[in-house]
Amino acid sequence: MKLPRNFFKALAIGAPAPLRDLPLRLERMIHFVPPHIEKVRAKLPEFLAQVDIVLGNLEDAIPADAKEAARAGFIAMAQTCNFGATGLWTRINALNSPWALDDIREIVGAVGDKLDVIMLPKVEGAWDIHYLDQLIAQLEAKHGVKKPILIHAILETAEGVNNVQSIATASPRMHGISLGPADLAASRAMKTTRVGGGHPDYKVLADAGAADAPRPAFQQDLWHYTIAKMVDACAAAGIKPFYGPFGDFADGAGCEAQFRNAFLMGCAGAWTLHPSQVPIAKRVFSPDPREVAFARKILTAMPDGSGAVMIDGKMQDDATWKQAKVLVDLAKLVAEKDPQMAQHYGL
């Protein structure tokens with residue numbers, strides 16, 4: 001077992017020291033782009049200001065014969081674009097694939113100083129994070145990378161869900177964890193072909209009434225348990241949980257409902273796979289101005305968070321003060337990036 005005092009030591013001589021705290025950044029959406037498609041790369045500069053994170057996808061959805069082109073396209077994209085306040089991520093291929101090692105080696109070597117996060121798919125345990133952690137440190141040292149590259153894990157196997165707590169605390173590089181519902185469904189032998197969202201057959205029925213009387217049915221959330229488990233593991237480790245993909249681009253209402261469930265449960269953001277999902281994520285993961293206004297009332301009435309007060313007929317104490325601070329702190333981050341929302345928040 002690694003001693004606690006060694007946890008924050010660089011894993012290679014000359015690598016940058018690990019971060020003690022995550023950078024304070026607004027990350028409402030992780031927007032996926034296929035970097036092997038030149039016309040997508042060409043449109044990226046005008047799109048960057050609309051998203052919080054842009055991610056060059058090298059894994060699923062990239063054909064096997066386009067893997068090297070996707071890697072080269074991502075490096076070109078990273079070298080030529082000015083990302084400003086927008087985060088730059090990549091999702092590499094899984095560690096058991098023939099492309100992962102070259103993904104890591106070539107990308108860190110070429111654009112390590114611009115890269116914020118490497119997203120690692122199909123993480124099953126802390127051992128996957130330990131391998132990537134050590135390898136990144138060696139490459140950072142070799143190429144003189146000045147700031148540590150963070151790791152974001154995808155939870156998409158039953159074994160990964162079972163080990164989520166050890167994954168969350170495996171390294172100081174850990175940025176967060178995303179739910180990958182499609183691969184997780186296959187790993188669990190769930191009987192669905194949907195990518196995220198609910199299923200009409202996963203429901204509860206109201207109690208039986210009079211004979212032949214209709215019984216109302218209520219669709220349930222297939223992912224509630226897993227999101228809650230992931231959020232708890234991330235919150236305990238001081239890292240960020242994210243909802244993953246919603247595959248039905250035509251169902252904006254369904255996408256918004258799934259994103260909102262994740263937001264209310266504690267997720268910081270979600271993946272956007274299509275431009276139409278970006279405004280949904282932006283809307284959902286920015287707190288409601290009415291909630292922010294009430295939260296500000298609580299903070300004003302209880303400046304130091306102690307005691308208890310009555311506001312609008314409701315008792316507020318230190319617990320609600322902490323809840324209010326979460327909302328106001330997020331609103332401040334949103335306001336820094338979005339002047340229109342700053343006006344709505346009165347900030």
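This is a predicted model: local features need pLDDT of at least 70, side-chain atom pairs count only at pLDDT 80 or more; totals for chains, interfaces and linings use all residues.
Residues are numbered from 1 along each chain as its sequence is written, and side-chain values use heavy atoms, with hydrogens and water left out.

The largest nonpolar core comprises 69 residues, and Ile 129, Ile 177 and Phe 259 have the most contacts inside it. A nonpolar core is here a set of buried Ala, Val, Leu, Ile, Met, Phe, Trp, Tyr and Cys residues joined through side-chain atoms within 4.5 Å. Buried denotes under 20% relative accessible area, exposed over 50%, and partly exposed the range in between (1.4 Å probe, protein chains only). Helix 4 (residues 126-143) supplies the largest share of this core, six residues. Helices (H or I, at least four residues) and strands (E, at least two) are DSSP runs numbered from the N terminus. A second, separate core holds 11 residues, including Ile 53, Val 117, Leu 150 and Phe 242.

Contacts of individual residues are defined by heavy atoms within 4.5 Å. With residues up to four places away in sequence not counted, Ile 177 touches His 152, Ala 153, Leu 155, Val 164, Ile 167, Ala 168, Met 230, Cys 234, Ile 239, Lys 240, Pro 241 and Phe 242. Phe 259 lies in helix 9 (residues 252-265) and is buried, at a relative accessible area of 0%. Under the exclusion of residues up to four places away in sequence, the contacts of Phe 259 are Tyr 243, Gly 244, Phe 246, Ala 270, Trp 271, Gln 277, Ile 280, Ala 281, Val 284 and Phe 285. Phe 259 and Trp 271 are 12 residues apart along the chain, and their C-alpha atoms are separated by 9.3 Å.

Pro 245 is placed in the loop between strand 9 (240-243) and helix 9, and its relative accessibility of 8% classes it as buried. The C-alpha atoms of Pro 245 and Thr 272, 27 residues apart along the chain, are separated by 6.6 Å.

Two packed helices are described by the angle between their axes and the distance between the axes. Axes are lines fitted to C-alpha atoms, for helices over the stretch in contact, and angles run from 0 to 180 degrees between N-to-C directions. Helix 2 (residues 67-80) and helix 3 (residues 100-111) pack at about 20 degrees, with axes 10 Å apart. Helix 2 and helix 3 are therefore roughly parallel; angles under 35 degrees count as roughly parallel, over 145 as roughly antiparallel, 65 to 115 as roughly perpendicular and the rest as oblique. Their crossing is right-handed, a term applied if the near helix is turned clockwise from the far one by less than a right angle, and left-handed if anticlockwise. The contact involves Arg 71, Phe 74, Ile 75, Ala 78 and Gln 79 of helix 2, and Asp 102, Asp 103, Glu 106, Ile 107, Ala 110 and Val 111 of helix 3. These residues divide into six nonpolar, one polar and four charged. Ala, Val, Leu, Ile, Met, Phe, Trp, Tyr, Cys and Pro count as nonpolar, Asp, Glu, Lys and Arg as charged, and the others, Gly among them, as polar.

Helix 3 also packs with helix 4, at an angle of about 35 degrees and with axes 9 Å apart, in a right-handed crossing. By class, this contact has seven nonpolar, two polar and two charged residues. Within helix 4, Ala 141 is partly exposed at 24% relative accessible area. Ala 141 and Pro 16 are 125 residues apart in sequence and 7.5 Å apart in space, C-alpha to C-alpha.

Most residues other than glycine have a negative phi. Asp 212, although not a glycine, has a positive phi of about 65 degrees; Asp 212 lies in the loop between strand 7 (203-205) and strand 8 (217-219) and is exposed at 82% relative accessibility. Asp 312 likewise has a positive phi, of about 55 degrees, and is found in the loop between strand 11 (309-311) and strand 12 (314-316). Asp 312 is exposed, with a relative accessible area of 54%.
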